[in-house]
Structure formats: C-alpha cells, structure tokens
Amino acid sequence: MIWIKNGFVVDPANRIEEQKDVLIKDGKILEVTDNGDKIRQLVDNTCEVIDASGCIVAPGLVDVHVHFRDPGFTYKEDIETGAKAAARGGFTSVVLMANTKPPVDNEQTIAYIVEKAKKTALHIYTCAAVTKGLAGKELTDMAALLEKGAVGFTDDGIPLLDASMIQQAMERTAKLKVPISLHEEDPTLIGNNGIHRGKASEYYKIEGSPREAEISMIKRDLEIALQTGAIVNIQHISTKEGVALVRDAKRRAVAMGMENCIHAEATPHHFSLTQDAAITYGTLAKMNPPLREEADRLAIIEGLKDGTIDIIATDHAPHSKQEKEKPLTEAPSGIIGLETALPLALTNLVSTGQLTVSELIRLMSLNPAKLYGLPAGTLSVGAPADVVIFDPTTIQKMENFVSKSSNTPFTGQELRGIVKYTMTSCQGIL
C-alpha cells in the first residue's frame, strides 16, 4: 500500500484540482480524498508514505509517439533504456512507432516487442505499419496485427504518397475503430529534409524543406478522413497553415457527427523552438518536420490552447553521437524528448500563462490515452495506479540523460519542473 499525502492532485478526467491524498493498493487507486480520518482507517503499518508537499500529483504521462529503435537499431536505444528514459520523464505509458528493422508489419515482430516490453516497469504498446515494409505499396493485415497486440497503425517517418492507398487504409482502420497516425511531409517538394526552407536553409545554403510539403499532405488526408470517418492523428504538426486546416476539419467533423474523428499532436520542440535553433545547434536541431518560424510556433501554442491540437507527444527519436556528427545534409533527423518534455511544457506553456497544469495534463495524459483507448490518464478509484509526482517550479539543468542517446539541443539548459516519482500499476515506484 502507498499513501501519497500533502500533494496537489490534478486529474482532469475527474475535474480535480485541489490538495488531496491518494491511496494505492495492489496496483490500483484505492482512494483520492481530503479526509485524513478516512485515510488513517484504511492504512496499516506496512504502508509506504510519500510526502508530496509542494508537488503536483497527476495521472502518469502518456506518449503516443516514441521510437525505441528495437529491433534493429538498438545501438541508439532499446526497449529497456527507452522505458527508463520514459519513467524519468514521468511517462507511464508509451506507444512505439513501427519503423524498426524489421518493421512492425508482421506478427513475429509484434510478439518480440510485446514480450520484451513485459520485462520493463512501463506500459509499452506498439503501432503496426500501415503498409508492408513501409513501402507504401500494399496494406498490412491490420486485423491480424491488432489481434497480436498492435494498438493502431502508422508508417511514421515515411509519408504515404499514394492517395488511393491512404484511402484504403483509412477505410480499414475506420471499420476496425483504431487510429491511423500520419507523418505529413511530401518528399517530392523537399530539397533537404530537417531544415526549414527560409532563414535556416539560406544560412546553410541548401534548399531545405518548405511548409507546403506539410500543408499539402495534411489538406489531402483530412479530406479523406472526413470522407471515411477514420480516426486520424496528424503527427508532429509544424506549420500555422496545418493548425488552421486541422481546426477547420474538426469543426466540420463535429457538424457531421464525427466528434472524435480528427486529432493532432504537437511536440515540445515545435512549441519551444524556431528555425533559429537549427542555425545555433546544427544537426542537434535537425528534425522532420523541421523547426519553422515564430508565427508557426505561436500558432501551435494557440492550437494547444483552443483544443485544435489535443495531444502533446515527444517524437522521441534517439540517434548516436557519431550519426549526429555527420555533415548537416547527411545526419539523421530527430531528437530525444522523453526526459525534457515535461520541463519544456512547464517552462514554455505553464509558467508563461499559456496553459494551466490541468490543461497540460489533459494534453499529456488523458487525451493521448483516449486516442488509443489505453487504461491510463486518470486517478479514478479502481483505475491502474499510474502516477507522476513532480515539482512544477524548481529549476533543473538538463543533463545526465538515461536514454542511450543524448541528441538534443536542450542539453545544459535550465528548465522548470522536476519529476520526483513515477509509479506504475505493474511495478510500483520506479
């Protein structure tokens, strides 16, 4: 039994924002109350007590967009080290992407991931690939992959260019009632990926990636989503036009009686940085889609505020030091994000008055859990005891990452927020 006392409980699922105690027994939430006498009647001498004074107690964070590189690229990250990085960041559930080697397009690879995930203290789920071999030519056997443990579908990292293929995929996922998550960049419009076509590309004297590469794909896929009724997640949105397109599509979906059809996610790096970071940090700030302009960053924040963007996801993308030290046009895109996500959100969204802590927890826990139908995102009595306890104001220096990789422009920065405890229903305190 675990007794978390003196903490400020934030649970948007139950509209709780007040000081309460939380009692956990056998991996479940037993009680959430401000009645001290009731707690004392329930606890016994073996109860472990956590004093959460000055801290937020919330449902464990849920990240629906991570790369653990396992199988195939475990020199960058593996399921075990990825789980440790997630726990350090306050995450209790994560959803893996399918671009491993081999990709998650077959039952054997899913079985490997599911079994290895059981050995960690985290709730680890995986998407399966939309197309076989991530080649965009033939759909996977979606029903069979779901039966083996997949929770949704994505070819993340490789945009689906064939409109007829994406339509078929959405028709299938609509029938299966599971999400399809989309990486929206048209490579035919991109000269060099990972760097915004504008000030940053001019600095490096390369063509870069124009905003139109994202806008065109988002526009196409939102129309198909509204036609098919598929549950669609527009991943790592980076442009103000993309935000506007999602906002309009959500409005239209509501009018059509499809309130839960359209979803969108933003990463901490896209609401925290602009293309200037690519000039300052080089390959450490190279990612797909790229960091763009200040107007885009502000539009993303506005989208988070008004519900257009309903999920914050890290796109945790570890790469080795040697890979990131290659020339700019050769180095891979992506940065790690699990250990910096909450501090970046507290620093750039909460402390600036853009979001309340409750709104942030909704974006980082409740909403992502709802998208994939995960048993997470709430402190309801009887729910799995997935909990994060964090100090929202104390400054910490971002260093000594537990991820196997350290590719991030945020190394050495001082950010608000420190995770004190992460606990899961399957393991307890991590």
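The structure is a predicted model, in which local features need a pLDDT of at least 70 and side-chain atom pairs count only at pLDDT 80 or more, whereas totals for chains, interfaces and linings use all residues. Residues are numbered from 1 along each chain as its sequence is written, and side-chain values use heavy atoms, with hydrogens and water left out.

One of these salt bridges joins the side chains of Asp-78 and Lys-404, with an N to O distance of 2.8 Å. Asp-78 lies in the loop between strand E6 (61–66) and helix H2 (79–88), and Lys-404 in the loop between strand E14 (387–397) and strand E15 (414–424), so the pair ties together parts that are 326 residues apart in sequence; helices (H or I, at least four residues) and strands (E, at least two) are DSSP runs, numbered from the N terminus. Asp-78 is buried at 13% relative accessibility, while Lys-404, at 38%, is partly exposed; buried means under 20% relative accessible area, exposed over 50%, and partly exposed in between (1.4 Å probe, protein chains only).

A salt bridge is also formed between the side chains of Lys-118 and Glu-115, at 3.0 Å from N to O. Here Lys-118 is exposed, with a relative accessibility of 58%, and Glu-115 is partly exposed at 43%. Arg-220 pairs with Asp-221 in a salt bridge whose closest N and O atoms are 2.7 Å apart, and both Arg-220 and Asp-221 are buried. Finally, a network of salt bridges links Arg-211, Glu-241, Glu-293 and Asp-296.

Methods:
Salt bridge = Lys/Arg side-chain N within 4 Å of Asp/Glu carboxyl O.
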